[in-house]
Amino acid sequence: MTDALVSGGTALLPRVEFDAARCKGCGLCIEACPEHIVEFEHVFNQRGVQPAHLVHDGLAQCTACGNCAVVCPDSAVEVENRKKPLKYGRNPLRVGDTHYCPGCDEGTVHELLAEVIDELGIREVTVGVASVGCTVFAYRYIDIDWHQAAHGRATSVAWGIECQHPELRVFTLQGDGDLAGIGIGETIHAAARGDPTVVVFLNNGIYGMTGGQMAPTTLLGQKTTTSPAGRTARLQGSPIVMTEIMAAQAGCSFAVRTSVHDAPAIRRTKKYLRQAFLNQEKNRSLSVVEILSACPSGWKLEPVDAHQYLVKEMFPIYKPGVIKEPPGGMPR
Amino acid sequence: MTAGAEAVVGGRRAGQGGGEAPAAEEVLLKGCEAIAEAAIRSGLDAYFAYPITPQTDIPEYLAERLPPLGKTFTQANSEISAINMVYGAAGTGLRVMTSSSSPGISLKQEGISYIAGAELPCVIVNVMRGGPGLGTVYGSQEDYWQSVKGGGHGGYRMPVLAPATVQECADLTMEVFRLADLYRTPALLCLDGTLGQMWENVRFHEPDHANLPPKTWATTGARGRKPNLINSIIIEPPELEAHNRLLQAKYAQMEQREQRWEEYRAEDADLVIVAFGLTGRIARSAVDTLRSAGRRVGLLRPISLFPFPVSGFRALGARPRRWLVVEMNAGQMVEDVKRTLFDLGRVEPVTFYGRLGGVIPTPDEMVEVAVKDLAAGGAR
C-alpha cells in the first residue's frame with residue numbers, strides 16, 4: 001500500500017512501497033529488515049492477512065538496502081534508493097500472483113529467473129519447462145514461452161525443445177519429487193547426454209502440491225504425512241543427494257547448490273542462475289542449480305522458522321556451494 | 001498389394017500424390033524400413049525411441065539416415081523419456097516421430113495423453129507383438145483396443161491407420177504425418193510385427209502435405225508476439241469441459257472425413273470377411289480360394305481403425321449377408337463391427353475367428369471357417 005508520507009517526501013529518502021493486496025503475510029520482510037522498521041498492519045487485506053508495511057516514520061531510518069524487496073516471495077515490495085541508481089522489486093517479466101503458500105521460496109525463485117532472463121536479454125529465445133508439483137503453474141508467472149511437462153519428464157521435454165533449436169535457451173523448473181523421484185532416470189541421462197539445459201532444482205524435501213508426503217529428499221527423522229513417525233533409513237531409505245550425482249556425469253558442466261533463505265543467499269542464488277545461463281551459452285552442456293527451499297505448509301512451520309530449520313537441518317545433508325565448476329572457471 | 005480390378009478403396013487414398021510425378025523406382029525394403037524411409041521423405045525433423053523387438057529396424061535405419069541430414073536421432077533412456085522428447089519437440093513445431101512395440105507403447109501412453117490434451121502433432125508407430133506382459137516378439141493385433149479407444153487416460157482419440165503391405169507402410173506413414181498436422185493430434189500407424197519384418201517391393205510417392213495449417217502455437221521463443229504455452233492442465237471443470245468438447249468435435253470431424261477401407265469382391269457376397277492389417281491381407285487369399293470354389297465371399301479391410309470405416313459397411317448396400325471377423329486377438333475389432341451393423345440397422349449374424357499370442361491364421365483356416373459359417377447360414 002502506498003503511503004503518501006512514505007512514497008513522496010524528501011527526494012533523497014528512499015522510495016519504499018508495500019503492495020498490501022499482494023502481501024500474503026509471511027513476515028519474511030520483517031525478519032529481513034536490519035533496521036526493524038517493517039511490521040504487520042492492524043487491518044486485514046482481502047486475502048485475510050495483515051499485510052506488512054513500514055512503521056510510522058520508518059523511512060527516515062531506511063538505508064534502502066532492498067532486503068525487504070529481495071526476500072518477498074510475492075515480489076510485492078519495491079525499494080528505490082534515490083541516492084544511487086538502485087532499485088529492488090518486481091521485474092516486468094515476473095507477472096501475476098502466485099498460487100504458492102505464504103513464505104514459499106518458489107516465488108522468490110520465479111523473481112530471480114525473471115530478473116536473470118531479463119538482464120541477459122534472452123527473453124525472446126527462452127522456453128521454460130514447468131513440471132508437475134508446485135511448479136506446475138510456473139507458466140503463469142514468467143512472461144515467456146512455456147511448455148508444461150509430465151511428472152518427472154521435464155529434462156526429456158527440454159531436449160525435445162532444444163534438439164533442433166540451438167538458438168533457444170531452455171530451462172526446467174523441477175521439484176525434488178519430480179527430479180529425484182519419478183524423473184531420476186530422465187535427470188541423470190540428460191546430464192550424461194550433456195543437453196544444453198539449465199536445470200533449476202527446487203529441493204524442499206517434501207511433496208508440497210499433494211499436501212506434504214515424503215519425498216526422496218526428505219531428511220531422516222523428518223515427519224511427513226506418509227512418514228508420520230519420521231523417516232528412518234531402515235524403513236524408508238535415506239535422502240538422495242542429487243546434484244552430486246548429476247555433477248558426476250561428464251555432460252554436466254556446472255553444478256551448484258544454494259538457497260534463498262535470506263537476502264545474501266538470494267543474491268548469491270541470482271548470481272548462480274546467471275552463471276548457469278551463461279554456461280548454457282558457452283559450454284552447451286547441462287547446468288544444474290539446486291535451490292534448497294522452504295515449504296512452510298508442508299513442514300508445518302512458520303515461514304521464518306522454516307528458514308531456520310532449512311539452515312539447521314538441511315545444510316548438513318545438502319551442503320551449499322559450487323559442486324562442479326565449468327571448464328575455464330566460473331562464467332562472468 | 002496392388003488393388004485388383006475388383007478392389008475398391010474407400011475414402012481418401014493414402015499418399016498417391018496425384019500421379020503426375022515420374023514413376024518412382026521400386027526398392028526392396030522391410031515394412032519397418034519403408035516406414036522409416038517414408039518418414040524421412042515426409043520431412044521428419046526429429047525421432048526419439050528406445051529399442052524393442054520387432055520394430056528396432058526403424059531406429060537403426062533412422063540412426064544412420066537422420067544425422068547426415070542435420071536431423072535429430074536420439075536413443076532415449078526409456079520409452080517414457082522418448083515420448084516426452086516427442087512432446088517437447090512437437091511443441092516447437094517440428095515433424096516428430098517415435099516408434100515402439102506393444103509393451104513400449106504401453107509405457108508411452110501417459111505421454112500420448114499429454115500430447116493429445118495439448119493438441120500437438122506427432123506420429124507414433126506401433127509394430128504390435130503378442131501379449132499381455134512381455135508376451136512374444138511375434139506379431140499380433142492384440143493392441144486394437146489400446147490403439148483406437150484411447151490407450152492412455154482421459155478419453156482422447158487419435159487417427160489410427162493400419163497397413164497391410166510394405167507399400168502401404170510407406171504410403172500410410174506419409175498420410176499419418178498429414179493427419180497429425182491437419183488435426184493437431186498424435187496419430188498412430190499400427191501394424192503387426194510380421195509386416196514390420198516382411199520384405200516387399202515398394203515405390204515412394206511424394207507426400208501430399210499441401211494446405212496444412214501454420215504452427216503459430218509453437219514454443220520457439222516469444223519474439224514479437226505474446227508467449228505461447230504448451231499445456232494440458234486446465235483446472236477449472238467448466239473450462240476443461242469446453243476444451244474436451246473441442247477435442248470431441250475434432251474427433252467427430254475425423255469420423256466424417258478420414259474413413260479409409262478396402263473392399264474386395266464384396267458387392268455380391270453372401271459372406272463378408274472383415275479383417276485389418278496382415279489378417280486382411282491373408283483374408284484376401286482366402287476370398288480368392290473361396291471364389292474359385294464358387295462361394296460368394298468378399299473382403300472389407302478397414303485401413304483407418306479410428307475413425308472406423310462405417311461408410312465402407314454402408315457402401316456395401318442393403319443386400320442381406322453374413323459377416324466373419326478375423327483378427328489376431330480374441331475379438332476386439334469385432335465389437336466395432338457389431339456396433340456399426342447395429343447402427344446401420346442390420347441384424348445379421350457376425351462370427352468371430354481369432355488366433356492369439358502371435359499365431360498367424362492361414363488362408364486355409366479362414367476358408368474352413370467361412371465355409372462352416374456359410375453352411376450355418378443355409379448356403380451350400
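Across the interface of chain A and chain B there are 2 salt bridges, a salt bridge being a side-chain nitrogen of Lys or Arg within 4 Å of a carboxyl oxygen of Asp or Glu. In one of them, D145(A) is joined to R225(B), with the closest N and O atoms 2.7 Å apart. The model is predicted, so local features need pLDDT of at least 70 and side-chain atom pairs count only at pLDDT 80 or more, whereas totals for chains, interfaces and linings use all residues. Residues are numbered from 1 along each chain as its sequence is written, chains are lettered from A in the order in which they are written, and side-chain values use heavy atoms, with hydrogens and water left out.

The interface also holds 16 residue pairs in polar contact, both residues being at pLDDT 80 or more. A polar contact is a pair of N or O atoms within 3.5 Å; within protein, one must be able to donate a hydrogen and the other to accept it, and residues adjacent in sequence count only if both atoms are side-chain atoms. On the side of chain A that touches chain B, β6 (126-130), β7 (145-148), α5 (154-162) and α7 (184-193) each supply at least two residues. Helices (H or I, at least four residues) and strands (E, at least two) are DSSP runs, numbered from the N terminus. The most is given by α5(A), with 5 residues.

The contact, meaning heavy atoms within 4.5 Å, takes 32 residues from chain A and 38 residues from chain B. The area buried between the two chains is about 2,600 Å², of which carbon and sulfur atoms give 55%. Buried area is the accessible area (1.4 Å probe) that two parts lose on being put together, summed over both. In chain A, the residues that lose the most area to chain B are E124(A), D145(A) and Q164(A), together 22% of what that side buries.

β7(A) pairs with β10(B) (residues 229-230) in the parallel sense over 2 bridges; two strands pair if DSSP finds at least two bridges between them. Here W146(A) has L229(B) as its bridge partner.

Within chain B, an open sheet of 7 strands with mixed pairing has the order β4-β3-β5-β6-β8-β7-β14. Its edge strands are β4(B) (72-75) and β14(B) (304-306), each of which pairs on one side only. β3(B) (residues 46-49) and β4(B) pair in the parallel sense over 4 bridges, and Y47(B) has F73(B) as its bridge partner.
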